[in-house]
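I opened this structure to look up a few residues. My notes follow.

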Amino acid sequence: MKIGSHVSFSGKGLLAAAEEALGYGATTFMIYTGAPQNTRRKPMEEQYVPEGLALMKEHGIDEIVVHAPYIINLGSYKTDTFGLAVEFLQSEIERTAYIGAADSIVLHPGAYTDKDAQYGIKRIAEGLNEVLTVNGRVHIALETMAGKGTELGRTFEELAAIMDKVHDNDRLRVCLDTCHVHDAGYDIINDFDGVMQEFDRIIGLDRLAVIHVNDSKNPRGARKDRHAPIGSGYIGFDAIHRIVHHEVAKGKPIILETPWIGKDKANQRPMYEAEIALLTGNAEGRFGPEFLEDVARLRAFFDEQLGHPGRNGRDYVLATWELLQDKKQRAEDKREPMERLYDLVVEHGLFPDCSEEQINMRLVGYFAGI
């Protein structure tokens, strides 16, 4: 399985990114070639690419993913914004090609802002027609979107409509984001097979190139796009586990973009290492048998404290998120399910020798039902 996460490209560029990914036990990873919020970029010659590629080869990583920056909006009617998007995306494609190990650059299709969806679809296709005049080796993977605001790509039909208007659309692929398609209204929890059949009918499974795996803080169809650690949201560990082991995911980069967590924002940590180990069935090999023993202690503890909240806390997680949908309840206690469980563990001194990160990793294990 090719599975990894978003990692940093700062400092020593590709070398630092590969080192971070290996620290999580990853077999692939995703980068932005610079800060996603701006256009400032170091020359690729200064990004330790040969050193990073050598380290990747040493550990059997042969494919990674690049993500285009958020500031690109090919759907904009504003000439300056549109022109910047085309020029900057072309530059990002060239930077991706320089690395050589990335077949696809993931792109949020764009938003139509003050116009309408039909205008936005046409405008995005117009932009892609300009963009795809450079470097024919790199593909663009249009990401499925949650549908917040005026962003396009919420439905498979919208993505297909964009592709149909692009002349060189053999270079277009799709990145499926689990949080986004869930928030867009697709039932990937109970009917992932049906969703994939619909995807195949409208777009074609041969276009699926990358999968982003994220849980969601909102119910299906909310169109909000708020990621949660695996198992701590509405989608749940079991559904995500089925997806990453599904036939359609075989051989494709699977990328975690789950949020970093922690009480102190300055010291928040990702759960990537635990999520990768649990999704690949390697928790004991990665963390040792004591990890499984601690998760079993958690299960017994929560059964006693919360009254049997389901095999992996699903009843408690879903009930808490439902509570947080109420603005009054949220104002009284805005803590999310995972934070509430963490506080309960600390309050009772269950793991006095564990750090906050270690406790949270065990909570991810609990959500996984191991």
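**Val295 and its surroundings**

I began with Val295: neighbours within four places in sequence aside, it is in contact (heavy atoms within 4.5 Å) with Arg362, Gly365, Tyr366 and Ile370. This is a predicted model, where local features need pLDDT of at least 70, side-chain atom pairs count only at pLDDT 80 or more, and totals for chains, interfaces and linings use all residues. Residues are numbered from 1 along each chain as its sequence is written, and side-chain values use heavy atoms, with hydrogens and water left out.

I placed Val295 in helix H11 (residues 289–306); helices are DSSP runs (H or I) of at least four residues and strands (E) of at least two, numbered from the N terminus.

**Aromatic rings**

I then searched the whole structure and found eight aromatic pairs (Phe, Tyr or six-membered Trp rings with centres within 6.5 Å). Phe156 and Tyr186 are stacked (planes under 30 degrees apart), at 4.3 Å centre to centre and 20° between the planes. Phe156 lies in helix H5 (residues 156–164) and Tyr186 in the loop between helix H6 (178–184) and helix H7 (192–202), so this pair ties together parts 30 residues apart in sequence. I noted Phe156 and Tyr186 as buried. Tyr366 came up again: Phe301, Phe302, Tyr366 and Phe367 form one aromatic cluster.

Key:
Rings of Phe, Tyr and Trp (its six-membered ring) pair if their centres lie within 6.5 Å; planes under 30 degrees apart count as stacked, over 60 as edge-to-face and the rest as tilted. Buried means under 20% relative accessible area, exposed over 50%, partly exposed in between (1.4 Å probe, protein chains only).
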